[in-house]
Structure formats: structure tokens, C-alpha cells
Amino acid sequence: YSAPSDTAAAFNSPFSFEKVDKVGTGIGHAVSLVVDRLGDRHVLHEGPGSADLRHSRWNGSAWTTRVIDSEGGTNPTAAAGPGGRLDVAYHIPGGIFRVRRSIDGGATWPAPLTRGPIALGNKAAASPDPAGNLFVAAVLNSAGTVDLFRMAGTTSSVPVFSGAANQHPAHNDGLAIDAGRDIFVLITSAEGILRLAKSTDTGSSWTLTQVAAGAGSGASLAVGGDGRIHVAYTDGGPGPLKRAVSGDGGASFTAETVDPALVEDNEIALDGSGNPHIAYVTAGSGPEPSDLKYARYDGVRWSTQTVDSAGALIFPSLALDAAGDVHIAYAAGGGLDELRAARWSGAGLAAPMGGNNRGTVQAPAGFAAASVGSSSVTWSWADNSANELGFRIYGSLVSTGPYALIAGTSTI
């Protein structure tokens, strides 16, 4: 035998923990975390017993929480959009579906858009486009078909997509919009077939591609700036955690196992390099508690670690901020009596533009030109991000190109 090795130091998790809210049994049921373009964290979640909808916000030193709908808040899904928009879709008792849109980062919440009553109350999926329009995918009818509708301001258009019956959008983030405004909706059938619906014409027509067969309901979607589509899902429910990726716009997918353990809920997000990160919960059995875990892909291989193992942990929601830090919000405790946030400060990840990590919607918008004289022009646009290096302007004599660089800001 060799000489004994040195005593191994205890493993130090890079995550620190914060209590977001704790008022009664059932707090935090169905959690949705987003990071806005300024790097502020927002959690939309149910109050005790789904009695209300709550908005918790990190103010730089502590979490503040307030009720934004006292009539209910079942299965909220939040989205952060350009110009300080913060949106949330949810249900209230009686089968009523609601959407609230804040234009000032959650400081005020105008009256909600209401639809219903409806027969089904599955969790919706929501994502803004670069112009600030909100797209919401949800089951809003008794036939069980997936409807996708678009909101401009505080009004909604007619549904732009209606899928086959007995399907629903993925329970977690199942909707993304890329830089070219292509729309992607992740839907699951009653038989567990996971499909991706894609539209390149703002919802007028759709193509369907099978991602996996026998998938569990906990699936999530993210689209990178490079056009690659990432789907996290469980092989069965619960089952091993897998990641499927498409490099051809969603025409085909290649799957790999991230964690062979039995996994239930998960959520995926991308960093600024387009690498995926997944927060997920292992399936507990009897008195065995579930664990909150985190998986990271560095471009070559996956690494996984346990974040929290202090009890019954469910509903993880994941986001990366403009500093490249990792954030996970989740419910903890056998009675779901505490909403927690885990934070990895100094993670050193490439930051997603504007803190967004599900679709490239924080690009500049409202580009306009104005003549100043016979030989000069002023360009203007809306800056929807907080961590850009600068901006570049390309021009062409014809709309089909080729385009050449004609101006750039001094910071790039």
C-alpha cells in the first residue's frame, strides 16, 4: 500500500443562497425567474395555496415582494423584453387566463388582459420579440390544442397557431424567438412525444419536427445567437436528463445524456458563447429528499454538481445575468413553504446580451435615419441591452446587399 494521501478539503459550492419569500404553506409553487436588460432579477410566483400572484425583485441588497394579483396566480411564466418590459402569463380560479405587462421593470402593473373561462390550465410559455410584442403559447380551449397569440401593447391578436389536440406547451420555457424573428414552440403530446413547431413568417405557417419520443412533461427550450436550438428534457417522467441540439434550424436533433439520474423538473439557458446550462431537480423517493442540481457545458463536455440538498426541492428556474453570473430560483421545503434563490457570483461566464438567454430579443430596435444636411445623416436606435461593447452600422445600395461597414461607435 502507498502512504496515506493528504486529507481532502471539504467541497465548497460556488453558490450562495438567499430567501426570497416565506409566508405560509405553498409559497413559491411554480417559479419563473428572469433577468432584465439591466441585470435586475425578478421572480414571479404563486402565493400560499395559489391564492395570489407575487412579484419578487432583488433591489441590490435584499429581495422585496409584493402581490400584483390578489385573485390568484397559478402557473406563472415571466418574460423580460426590450425597453424595460416585464411580462407574466398565468391562471386564476375559474379557468381564467391572464397576461400582465409592465413597461417599467415591474414598478407598476396595468390591468391584465383576460381570456376565458377555459377548460384546461396548463402552464403557458411566453417570449417577447425584438419589437417588444409578446408571444404566448397556451392551451386556451376545451379541445386541448396549443394556441399561440401575439400581444402588441396591452391588446392581443387572434391566435397565430393552433396545434393538434391533446398537446400542451412544455411546462417550463417552451417558447423562443431568434434574431431573425423566427418563432419556436416546444409542445408535448399526451403520448409523451416532444415536438418543435417553427414559423419563419410570424405564425402564418408552421413546420413540426419530432425532438424525442417518450419524453416527460418537464422540457425547456433555448435558441442561441448562432442559430443552434437546444432542448432539455427527461427521457420519460421522471427519467435521465438529456439535451437535444439542432444545428440546422430545427430540421433534425441529436440527443445526449447529461445526467443518468432520475430527473423531474428542469430549465435550460445559454451563456454568451452559446453554451447551455441546466438547473434541474432529481426525483425523490419516499423519505429521500430531492436535490437541486446544476449542469454546465463548456463546449467540450458536461459537468454537474449539487446546489442544494436540504429538503423537497422543486420548480427550478434558471437565468444568467449581464455579468455572467448564474441564478436559480426554486421552491424548498416539504410544504413548499420557502422560495429560495441560489447565486454563483464570479462564475466568469460569457454574458448573454442584455441578460437574455432564451432568444436573441435584446437587439437594438427602432433604427431610423434623419438628414442633417446635404452631406450628413443622423442615425438613431433604441439600446435594449446593458453589456454591449458597442454598435456597428452596415449599409448597402440595394436591400439584397452586399453590406459594408460604414460606421461604428467609439467603444468597439
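Let me start with Arg-340, which sits in strand 29, residues 338-344. Strands here are DSSP runs of E with at least two residues, and helices are runs of H or I with at least four, both numbered from the N terminus.

Some background before going on. This is a predicted model, in which local features need pLDDT of at least 70 and side-chain atom pairs count only at pLDDT 80 or more, while totals for chains, interfaces and linings use all residues. Residues are numbered from 1 along each chain as its sequence is written, and side-chain values use heavy atoms, with hydrogens and water left out.

Back to Arg-340. Is it buried or exposed? Arg-340 counts as buried because its relative accessibility is 18%; buried means under 20% relative accessible area, exposed over 50%, and partly exposed in between, with a 1.4 Å probe and protein chains only. Its side chain makes a polar contact of 2.7 Å with the side chain of Asp-308. A polar contact is a pair of N or O atoms within 3.5 Å; within protein, one must be able to donate a hydrogen and the other to accept it, and residues adjacent in sequence count only if both atoms are side-chain atoms. Leaving aside neighbours within four places in sequence, Arg-340 has contacts that include Glu-18, Val-20, Leu-313 and Tyr-330, where contact means heavy atoms within 4.5 Å.

Next, Asp-259, in strand 23, residues 254-270. Asp-259 counts as buried because its relative accessibility is 7%. Which side chain does the side chain of Asp-259 join in a polar contact of 2.6 Å? That partner is Tyr-280. The Asp-259 side chain also reaches the backbone nitrogen of Ala-261, at 2.9 Å. Not counting residues up to four places away in sequence, Asp-259 touches Pro-240, Leu-241, Tyr-280 and Lys-293. Thr-282 lies 23 residues from Asp-259 along the chain, and their C-alpha atoms are separated by 9.6 Å.

Now Ile-406, found in strand 33, residues 404-408. At 47% relative accessibility, Ile-406 counts as partly exposed.

Finally, the whole chain. Its secondary structure comes to 33 strands and zero helices. Of the 412 residues, 52% are buried. Among contacts between residues at least 6 apart in sequence, 42% join residues at least 24 apart.

As for confidence, the mean pLDDT of the chain is 81, and 81% of the residues reach 70 or more; pLDDT is the predictor's confidence in each residue, from 0 to 100. Over residues 5-10 the pLDDT is below 50, and this stretch has zero contacts in the model beyond near neighbours in sequence.
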